[in-house]
Amino acid sequence: TMLWPDGDIVPKKSLPESVNAIALQAASDWAFERESPEQVTLSLVIVHKGDIILERYAEGIDRHTRTRTWSTAKSIAATLIGMLVDDGRMSLDAPLGIEWLPRLPAAEADPRDAITLRHVLNMSSGLEPVDSFGMEFATGSGLAYWAGLSSVDGARNRGLVRQPGSVFEYENYDTLLAVYAMKRALGSEKLYREFPRTALLDRIGMRNTLVSTDRFYDFILSSQVYTNARDLARFGLLYLQNGTWDGERLISEDWIRFVRTPAPSTATIGNEYGGHWWLVPDGRNDVPKDAYSTAGNRGQYVIVVPSHETVIVRRGLDYGRQGFDQWDLTREVLKSLSP
């Protein structure tokens, strides 16, 4: 019963003059009519200047359909953590302050104590990179996702193999370390379990979003969030609006600046990752450099393009990691829009 974006009533409007309808339809067809059977687009929502200018779903899917976000959840986790940093309850450059496993004798210093929140959000903790070595489902985070082990214990039970901050390794467990630090900062199980909804989801109308836990009730905010395309469009719109919603600031400009700043450890690989958001790689000149994106397995993307006042949401059912490129999609969509 509420108007978009707080609710789901979307008034019918003519496209603004700055939008080329033919090019917009061509971008939609580009996303859905894939040459590869391994790339299946389920939904596409494009928000321009606050309004939904395109919304399209595959057969059997509609605006109510929830699917897993996969690693797009990491950007939601970073947003929740940013709220606590803004409030002074967490610090980017302070040690995580957690108890590592296995525990060392009390007299021994644990080198993992040097790992900060910035390190894990930049995916450069220096801890053993289990998932990115192809062992996700054998000895890595998959054991917490699918096999009943504790996500917290798995994240803490890795040895330090590199200097923190020195090497980029994309690891689910780094996100889960940050989420565990968030839990400790909140200080109680009750506050922790209520926090995603009361701090973020309900405040921006993401009422169709479910945040999953492991069997010990710890949030698996590295992957296991279930939601629909419109809720993800709301999430992108929060960032497009520079952290404000209905005139209220939810996340600071400093935090948005952090998530959009390339991790130092990515300097040799194109500066393509910030603070749990992906950035336009150095080698791409066909999309605006100010664009940034979530990214989840099987093609889950929320792309924010400030220079074009645009949010693009693409949900996929791609086979594995079969190459749907969010920056190619961004290029095609922006052909229809004046900056």
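Is R234 buried or exposed? I looked this up in the model, which is predicted. R234 has a relative accessibility of 1%. Buried means under 20%, so R234 counts as buried.

**Entry: around R234**

I placed R234 in helix α8, which covers residues 229-240. Next I looked for its neighbours, leaving out residues up to four places away in sequence. With G7 I found a polar atom of the R234 side chain 2.8 Å from the backbone oxygen of G7.

**Entry: the sheet**

I then traced an open sheet of six strands. I read the order as β2-β1-β11-β10-β9-β8, with antiparallel pairing. The edge strands are β2 (51-57) and β8 (278-279), and each pairs on one side only. I picked one pair to follow. Strand β9 (residues 292-293) pairs with strand β10 (residues 301-305) over two bridges, in the antiparallel sense. Across this pair, S293 stands opposite I303 in β10.

**Entry: helix α10**

How many of the nine residues of helix α10 are buried? I found seven, so this helix (residues 326-334) is largely enclosed by the rest of the structure. I listed the buried ones: Q326, W327, L329, T330, E332, V333 and L334. They pack against helix α1 (21-32). They also pack against strands β1 (41-48), β8, β9, β10 and β11 (310-316). Last, I checked the start of α10. There, a side-chain oxygen of D325 comes within 2.7 Å of the backbone nitrogen of W327.

Definitions and conventions:
Residues numbered from 1 in each chain as written. Predicted model: local features only at pLDDT ≥ 70, side-chain atom pairs only at ≥ 80, totals over all residues. Heavy atoms only, no water. Helix = DSSP H or I, 4+ residues; strand = E, 2+ residues; numbered from the N terminus. Buried < 20%, exposed > 50% of the residue type's maximum accessible area, 1.4 Å probe, protein only. Polar contact = N/O pair within 3.5 Å; in protein donor to acceptor, adjacent residues only side chain to side chain. Contact = heavy atoms within 4.5 Å. Pairing = 2+ DSSP bridges.
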